[in-house]
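User: I would like to learn how to read helix packing and surface features in a model of this kind. Could you take me through them one at a time?

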Amino acid sequence: ILRMAVLPDNLWLTNISSLLLGIACLTLFYVRKHYHKKKTGTGYAMITLLLTIFGVLYTVVGAGGLLAQMGVF
């Protein structure tokens with residue numbers, strides 16, 4: 001909310017929010033895999049796949065953006 005309302009062009013907040021979203025998706029994937037009963041079905045498999053894809057994508061984009069702003073790349 002802060003990034004969208006007060007600081008809309010702040011690249012640091014954009015990359016941090018992408019990184020946090022990716023970490024949240026990967027955390028949900030981990031919880032679904034290790035703490036829920038083993039479920040089967042197309043819907044369950046699709047949600048797990050989407051959590052994995054978006055988690056990895058947003059984590060890489062957010063971390064890459066932060067590293068580029070710090071001058072590592």
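This is a predicted model: local features need pLDDT of at least 70, side-chain atom pairs count only at pLDDT 80 or more; totals for chains, interfaces and linings use all residues.

User: At what angle do helix α2 and α3 pack?

Analyst: Helices here are DSSP runs (H or I, at least four residues), numbered from the N terminus. Axes are lines fitted to C-alpha atoms, for helices over the stretch in contact, and angles run from 0 to 180 degrees between N-to-C directions. In this structure, helix α2 (residues 11–35) packs with α3 at an angle of about 150 degrees, their axes being 7 Å apart. That makes α2 roughly antiparallel to α3, since angles over 145 degrees count as roughly antiparallel, under 35 as roughly parallel, 65 to 115 as roughly perpendicular and the rest as oblique.

User: Is the crossing of α2 and α3 left-handed or right-handed?

Analyst: A crossing is left-handed if the near helix is turned anticlockwise from the far one by less than a right angle, and right-handed if clockwise. The crossing of α2 and α3 is left-handed.

User: Which residues form the nonpolar patch on the surface?

Analyst: Patches are made of residues with over 30% relative accessible area and no salt bridge, with nonpolar side chains (Val, Leu, Ile, Met, Phe, Trp, Tyr) joined within 5 Å and like charges within 9 Å. A salt bridge is a side-chain nitrogen of Lys or Arg within 4 Å of a carboxyl oxygen of Asp or Glu, and accessible areas come from the Shrake-Rupley method with a 1.4 Å probe, where for residues only the protein chains shown count as cover. Here the patch is formed by Leu 21, Met 46, Leu 49, Leu 50, Ile 53, Phe 54, Leu 57, Tyr 58 and Val 61, which together have about 770 Å² of accessible area. Helix α3 (residues 42–70) contributes its largest share, 8 residues.

User: Why does Leu 49 count as partly exposed?

Analyst: Buried means under 20% relative accessible area, exposed over 50%, and partly exposed in between (1.4 Å probe, protein chains only). Leu 49, found in helix α3, counts as partly exposed because its relative accessibility is 45%. Ile 53 also lies in helix α3 and is partly exposed, with a relative accessible area of 45%.

User: Where is Ala 24 placed, and how far apart are the C-alpha atoms of Ala 24 and Tyr 58?

Analyst: Ala 24 is in helix α2 and is partly exposed at 36% relative accessibility. Its C-alpha atom is separated by 9.8 Å from that of Tyr 58, 34 residues apart along the chain.

Technical notes:
Residues are numbered from 1 along each chain as its sequence is written. Side-chain values use heavy atoms; hydrogens and water are left out. Helices (H or I, at least four residues) and strands (E, at least two) are DSSP runs, numbered from the N terminus.
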